[in-house]
Amino acid sequence: MRKYLGLLVIIAGVGLLAASPLLFNTSRAAAQTQQSTAVFDSDGKLKLPTGFRAWVFVGAPLTPNGLNDGNAGFPEYHNVYVEKKNVDVYLKTGSFPEGTVIVKELTRVLDPTFPDGSRKEPSGRGYFNGQYNGIDLTVKDSKKFAATNGWGFFTFGHHPLPYTETAAESPVTECAGCHIANVAKTDMTWVQFYPLLRDQKGY
């Protein structure tokens with residue numbers, strides 16, 4: 001009986017040894033192929049990602065109507081989010097990895113009471129986040145978006161919730177052209193507005 005048990009143990013051990021390289025290679029391959037958050041449907045439209053408000057918040061530029069003759073191109077706060085794994089790579093290398101998604105969620109200025117669009121609160125007179133008002137998004141894919149320096153630009157509507165669930169790539173004249181003209185040297189991203197990215201000093 002002991003003889004048979006010993007034989008079974010040996011066979012099981014050999015089986016594990018034979019399988020271990022396969023298991024190791026599988027896990028290593030999974031680690032090397034991080035999936036992008038960008039998901040496209042069968043029509044090539046980008047699906048709106050979920051959970052992005054839990055990503056790294058890198059900044060919130062504001063160009064209100066009150067400071068732009070009542071006609072700002074982007075009158076809302078731009079609350080910008082990037083996944084931590086992609087911020088980590090940027091802080092080390094100065095560029096974003098393939099598959100990076102940058103979400104810019106717009107919020108209106110909270111109920112202006114002065115001509116310049118500001119209002120007064122206990123903290124003082126200033127600008128404060130109001131309601132959500134749209135999503136703009138960029139995806140880094142050097143092959144898919146080779147014509148626009150490796151980034152695709154998408155808009156899920158400039159309006160209150162709910163947002164559009166899918167979006168086609170925006171025309172070059174709508175988004176990419178401005179990025180190419182102004183921030184082509186900084187990975188097509190306005191890093192000068194985001195201290196975490198601009199200074200690259202870590203968290």
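Q: Is Lys-143 buried or exposed?
A: In this predicted model, Lys-143 counts as exposed, because its relative accessibility is 79% and the cut-off for exposed is over 50%.

Q: Where does Lys-143 lie?
A: Lys-143 lies in a loop, between strand S7 (129-140) and strand S8 (151-155).

Q: And how many residues along the chain separate Lys-143 from Glu-98?
A: The two are 45 residues apart along the chain, and their C-alpha atoms are separated by 9.7 Å.

Q: How many residues of S8 are buried?
A: Of the 5 residues of S8, 4 are buried, so the strand is largely enclosed by the rest of the structure.

Q: Which residues of H3 are buried, then?
A: Helix H3 spans residues 176-183, and its buried residues are Ala-176, His-179 and Val-183. Seen down the axis of H3, they fall within an arc of 80°, so they line one face of the helix.

Q: Why do residues three or four places apart point the same way in an α-helix?
A: They do so because an α-helix has 3.6 residues a turn.

Q: What is on the face of H3 turned away from the buried side?
A: That face carries the exposed residues Ala-181 and Asn-182.

Q: New topic: how many helices and strands does the chain have?
A: The protein chain has 4 helices and 9 strands. Read along the sequence, they follow the pattern α-β-β-β-α-β-β-β-β-β-β-α-α.

Q: What share of the chain is buried?
A: Buried residues make up 33% of the 203 residues in the protein chain. The accessible surface of the chain comes to about 12,400 Å², and 58% of that surface belongs to carbon and sulfur atoms.

Q: And what share of the contacts with a separation of 6 or more comes from residues 24 or more positions apart?
A: Such residues account for 56% of those contacts in the protein chain.

Q: Last one: what pLDDT does the chain average?
A: The average pLDDT is 88, and 83% of the residues score at least 70.

Conventions
Residues are numbered from 1 along each chain as its sequence is written. This is a predicted model: local features need pLDDT of at least 70, side-chain atom pairs count only at pLDDT 80 or more; totals for chains, interfaces and linings use all residues. Side-chain values use heavy atoms; hydrogens and water are left out. Helices (H or I, at least four residues) and strands (E, at least two) are DSSP runs, numbered from the N terminus. Buried means under 20% relative accessible area, exposed over 50%, partly exposed in between (1.4 Å probe, protein chains only). The arc is that of the directions from the helix axis to the C-beta atoms. pLDDT is the predictor's confidence in each residue, from 0 to 100. Contact means heavy atoms within 4.5 Å. Accessible areas come from the Shrake-Rupley method with a 1.4 Å probe; for residues, only the protein chains shown count as cover.
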